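This briefing covers the fold, the domains, the ligand shell and selected residues of one structure. Please read it alongside the sequence and the coordinates.

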Amino acid sequence: MKREKIRKEMIGRLNIHLASHYGMCFGVRDALAVTRNTYDENEVTVLGQLVHNPLVSQELIENGIKEGELKDPPTNTKGTVIITAHGASDSDRVRWSSPQRKVVDTTCPLVHKVHQSLAALTVSGFFPVVIGKKGHAEVNGLIGDFPQAIVIEKEEDILDVPYERKIGIISQTTQPTDRVNELVQRIRSLRNNSEVRFIDTVCSPTKNRQEAVKNLCEVCDLIVVVGGSNSNNTSQLVSTVERLGCRAVQVERSEDIILDWFTETKDVGVTAGTSTLNETVISVYERIKVISEELTVKDREYLGKERILS
Ligand code: SF4
């Protein structure tokens with residue numbers, strides 16, 4: 001992938017680098033816009049967390065939008081239910097639809113593509129394998145219509161892949177490409193008598209953010225990753241940074257930032273997961289600028305004392 005320019009600002013003591021790709025993707029942004037504009041005099045219920053971001057969840061709850069569970073049996077037949085950008089299985093869609101209830105589907109088009117890929121592999125006789133996080137809404141939606149499918153989250157899960165003649169693999173959209181490729185290679189070598197077909201379904205916003213954070217790691221000694229603690233792609237950004245031997249801290253908002261993190265630091269990178277609001281990234285960036293200036297003042301005070309003592 002082409003190396004893109006990193007925006008860099010030198011403020012006081014720190015060089016602050018902003019990733020070339022960061023933050024909210026189009027799929028989450030569109031789902032949020034639809035949800036904010038949905039009104040129903042009965043009630044509006046989002047099936048699961050619309051985005052894995054506590055600030056957004058809080059905003060929606062304050063606006064009277066309820067958070068339900070995709071698996072819960074529907075009790076209220078009226079009102080509107082919203083399927084999140086993570087998508088849902090066809091069986092869950094059928095369960096939730098009723099003539100009195102409106103279903104608003106905000107599934108990201110790139111998640112739809114993963115469903116189509118998995119269905120195409122299965123129809124062609126491949127045993128379905130999903131690389132992703134067990135229990136994640138997107139993964140549950142993917143395997144919901146394929147009870148035989150297995151999910152590979154860790155290397156040891158590969159032993160669960162059966163000795164089938166044909167094995168078809170897809171990936172959750174927010175998995176790091178390097179990790180997915182490693183797992184696919186491992187499956188190929190352990191099941192070398194099978195025909196293994198892999199469809200790369202990691203989405204392009206995830207790839208861009210992963211690539212951008214790698215570029216940050218080349219020039220930074222600390223990366224601040226902004227995003228919800230339960231956001232899969234945010235934690236994947238943290239893992240990528242750590243795998244590359246760089247220091248990472250994850251924050252949900254600017255108030256989480258601690259000055260001590262920066263005392264031994266010169267170059268700080270800032271990035272954010274695909275469920276993070278732009279205004280949150282800006283406030284984190286601004287807070288780091290303030291910290292940098294505070295560190296400069298502290299340095300001057302320290303040097304002043306040293307001079308007096310010497
Ligand atoms: Fe769509 Fe990718 Fe964003 Fe998920 S992370 S909502 S698949 S663009």
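Gln-148 lies in the loop between helix 5 (137–143) and strand 8 (150–152); helices (H or I, at least four residues) and strands (E, at least two) are DSSP runs, numbered from the N terminus. This is a predicted model, in which local features need pLDDT of at least 70, side-chain atom pairs count only at pLDDT 80 or more, and totals for chains, interfaces and linings use all residues. Residues are numbered from 1 along each chain as its sequence is written.

- Gln-148 is exposed, because 10 other C-beta atoms lie within 10 Å; a residue is buried if 20 or more other C-beta atoms lie within 10 Å of its own, exposed if 12 or fewer, and partly exposed in between, with C-beta atoms placed from the backbone.
- A distance of 30 Å separates the C-alpha atoms of Gln-148 and Ser-239, which are 91 residues apart along the chain.
- Lys-78 is found in the loop between strand 4 (66–68) and strand 5 (80–83).
- Lys-78 counts as exposed because it has 12 C-beta neighbours inside 10 Å.
- When neighbours within four places in sequence are left aside, Lys-78 is in contact with Asn-42, Gln-100 and Arg-101; contact requires that the C-beta atoms of two residues, placed from the backbone, lie within 7 Å.
- The C-alpha atoms of Lys-78 and Val-94 are separated by 15 Å, and these residues are 16 apart along the chain.

**Overall architecture**

- The protein chain contains nine helices and 13 strands.
- Its C-alpha trace spans about 80 × 60 × 30 Å along the principal axes.
- Of the 310 residues in the protein chain, 39% are buried.
- Among contacts between residues at least 6 apart in sequence, 72% join residues at least 24 apart.

**Domains**

- The protein chain is divided into domain 1 (7–24 + 204–309), domain 2 (26–107) and domain 3 (110–198); these bounds come from an automatic or database domain assignment.
- The C-alpha centres of domain 1 and domain 2 are 33 Å apart.
- Contacts link eleven residues of domain 1 with eight residues of domain 2.
- The side of domain 1 that touches domain 2 has two nonpolar, seven polar and two charged residues; Ala, Val, Leu, Ile, Met, Phe, Trp, Tyr, Cys and Pro count as nonpolar, Asp, Glu, Lys and Arg as charged, and the others, Gly among them, as polar.

**Strand pairing**

- Strand 1 (residues 7–11) and strand 2 (residues 14–18) run antiparallel and are joined by five bridges; two strands pair if DSSP finds at least two bridges between them.
- These two strands form a hairpin with two residues between them, and Gly-12 in the turn has a positive phi of about 55 degrees.
- Across this pair, Lys-8 stands opposite His-17 in strand 2.
- Strand 2 also pairs with strand 13 (residues 267–272), in the parallel sense and over four bridges.
- Asn-15 stands opposite Asp-267 in strand 13.
- Strand 2 is largely enclosed by the rest of the structure because four of its five residues are buried.

**Ligand shell**

- Among the 14 residues around the ligand, Cys-25, Gly-27, Cys-108, Thr-173 and Cys-203 come nearest; a residue is near a molecule or strand if its C-beta atom, placed from the backbone, lies within 6 Å of it.
- Helix 1 (26–36), helix 4 (109–123) and helix 7 (204–219) are the elements that give two or more residues to this shell.
- Helix 1 gives the most, with three residues.
- The shell comprises nine nonpolar, five polar and no charged residues.

**Nonpolar cores**

- The largest nonpolar core has 44 residues, of which Val-28, Leu-47, Leu-50, Val-130, Ile-167 and Ile-169 touch the most other members; such a core is a set of buried Ala, Val, Leu, Ile, Met, Phe, Trp, Tyr and Cys residues joined through C-beta atoms within 7 Å.
- At least three residues of this core come from each of domain 2 and domain 3.
- A second, separate core of 27 residues includes Val-213, Val-241, Val-284 and Tyr-285.
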